[in-house]
Amino acid sequence: MMAGATSATAAAGAFAAGAKARGSAAAAAAAACPRVVAAGGRRRSGVVRCDAGVEAQAQAAAKAASIAALEQFKISADRYMKERSSIAVIGLSVHTAPVEMREKLAVAEELWPLAISELTSLNHIEEAAVLSTCNRMEIYVVALSWNRGIREVVDWMSKKSGIPASELREHLFMLRDSDATRHLFEVSSGLDSLVLGEGQILAQVKQVVRNGQNSGGLGKNIDRMFKDAITAGKRVRCETNISAGAVSVSSAAVELALMKLPKSECLSARMLLIGAGKMGKLVVKHLIAKGCKKVVVVNRSVERVDAIREEMKDIEIVYRPLTEMYEAAADADVVFTSTASEALLFTKEHAEALPPISLAMGGVRLFVDISVPRNVGACVSDVDHARVYNVDDLKEVVEANKEDRLRKAMEAQTIITQELKRFEAWRDSLETVPTIKKLRSYADRIRASELEKCLQKIGEDNLNKKMRRSIEELSTGIVNKLLHGPLQHLRCDGSDSRTLDETLENMHALNRMFSLDTEKAVLEQKIKAKVEKTQS
């Protein structure tokens with residue numbers, strides 16, 4: 001216990017020293033150049049550009065502190081022998097955080113590889129993936145240390161969003177190992193969606209894998225977990241029919257708009273859609289299903305609108321360019337927004353400038369915003385003749401048919417449990433690989449040593465090439481035959497839990513018999529890789 005405490009103290013001291021060194025480096029930079037520009041070094045009145053050499057020194061000091069901290073972590077590795085690398089998910093969703101917070105953490109799909117690169121550069125994170133949608137922002141990681149890894153990810157999220165970590169933690173959920181994996185499988189199956197059983201989330205999980213394959217960002221564990229989640233999602237939808245009668249976010253948005261319009265006039269309402277992406281296309285599809293005959297679509301380019309028009313013949317689609325957005329809004333009773341814009345498209349001032357709506361339509365213009373980050377400011381509802389609804393307001397719609405889908409969700413859990421067992425068995429089977437390599441290396445070292453002694457006794461002058469090769473082949477053959485049995489009992493594909501349990505027992509026995517100390521060696525190798533990455 002004392003040794004463990006000493007190691008823990010040493011590790012904590014090293015990380016504290018790292019933070020202190022980084023702070024000292026920043027202080028040194030400030031002292032050398034007290035009037036440093038904050039935003040990219042641009043000149044302002046009385047402000048000068050910081051000397052590049054001082055900045056480089058600060059960066060070098062920070063890097064040295066990180067390396068020192070990792071090296072100390074390596075020294076105290078015994079403390080972490082009881083916990084293997086953990087799979088964890090840290091995130092927030094429509095169930096835990098309001099849209100105002102989710103939009104600050106949203107990561108555009110094209111930035112996923114960059115986010116993964118930043119996360120895996122953290123000291124205790126080996127692998128990472130980002131799942132960012134309108135309803136959730138979740139980070140999946142494999143962490144060398146659960147507590148340290150979680151802290152680093154939360155700090156990264158805080159830095160990215162500008163939300164203090166203490167405030168962020170009030171809305172975050174954190175799950176570990178089998179709980180984290182089950183959560184992803186439930187997400188992929190549509191069980192954690194605002195709309196139970198909705199299908200779009202499965203496509204988004206697939207996109208995480210495709211994105212990772214293109215960028216080379218996903219590690220072995222995360223890649224396999226997401227692929228198994230896709231399998232689980234497909235099985236749930238196929239075997240339980242949970243998607244039957246379920247609505248997507250886009251269809252719920254259409255339902256909500258029609259609910260808020262006078263029943264006698266809802267089909268004659270003037271519909272405007274801003275954004276012709278995937279979500280926007282689904283809005284048009286559901287407008288057709290409800291009997292609407294015309295929709296105006298505002299988009300940056302006409303090509304996507306033409307593609308929707310070509311596919312959907314049962315509705316008149318009128319294209320207007322982005323420059324005519326406010327003119328189009330002035331002629332609309334309902335405005336659906338679904339764009340990736342980081343800035344608000346409609347504010348209170350914009351809404352006030354729009355003409356009033358006819359009393360036959362209720363006298364109120366409806367803005368249904370299904371974008372995250374939001375396209376329409378909440379302040380628009382302060383205008384007498386305008387109302388704003390965002391993705392958090394769709395709960396009113398999705399209560400319909402919920403009881404039937406909950407019964408199907410119970411069936412889905414059986415499938416998810418089966419897929420979870422398969423994934424965990426596969427991950428457990430990976431534990432034997434380091435033991436196989438270590439045992440083979442151990443035997444090869446003994447063979448090489450004894451072979452060298454034998455050749456010295458015989459003498460180089462008494463051996464020709466053929467004789468030497470025959471002796472080497474003899475030694476290799478003996479080792480291979482002796483290892484064949486033990487190695488066979490260490491190989492398992494994880495498909496049979498009984499065989500897997502026996503395999504893991506054999507692994508632990510061999511580790512004890514030959515003092516292979518595999519777990520510590522694997523951890524030290526991972527830390528060494530982290531140090532080398534930081535140095536580079």
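Modeller: The model is predicted, so local features need pLDDT of at least 70 and side-chain atom pairs count only at pLDDT 80 or more, while totals for chains, interfaces and linings use all residues. Residues are numbered from 1 along each chain as its sequence is written, and side-chain values use heavy atoms, leaving out hydrogens and water.

Biologist: What makes Phe-346 buried and Tyr-326 partly exposed?

Modeller: Buried means under 20% relative accessible area, exposed over 50%, partly exposed in between (1.4 Å probe, protein chains only). Phe-346 has 1%, so Phe-346 is buried. Tyr-326 has 33%, so Tyr-326 is partly exposed.

Biologist: How do you know that Arg-102 forms a salt bridge with Asp-392?

Modeller: A salt bridge needs a side-chain nitrogen of Lys or Arg within 4 Å of a carboxyl oxygen of Asp or Glu. The closest N and O atoms of Arg-102 and Asp-392 are 2.9 Å apart, so the pair qualifies. Arg-102 is itself buried, at 2% relative accessible area.

Biologist: Why do Glu-324 and Arg-320 count as a salt bridge?

Modeller: Their N to O distance is 3.1 Å, so the pair meets the definition. Glu-324, at 30% relative accessibility, is partly exposed.
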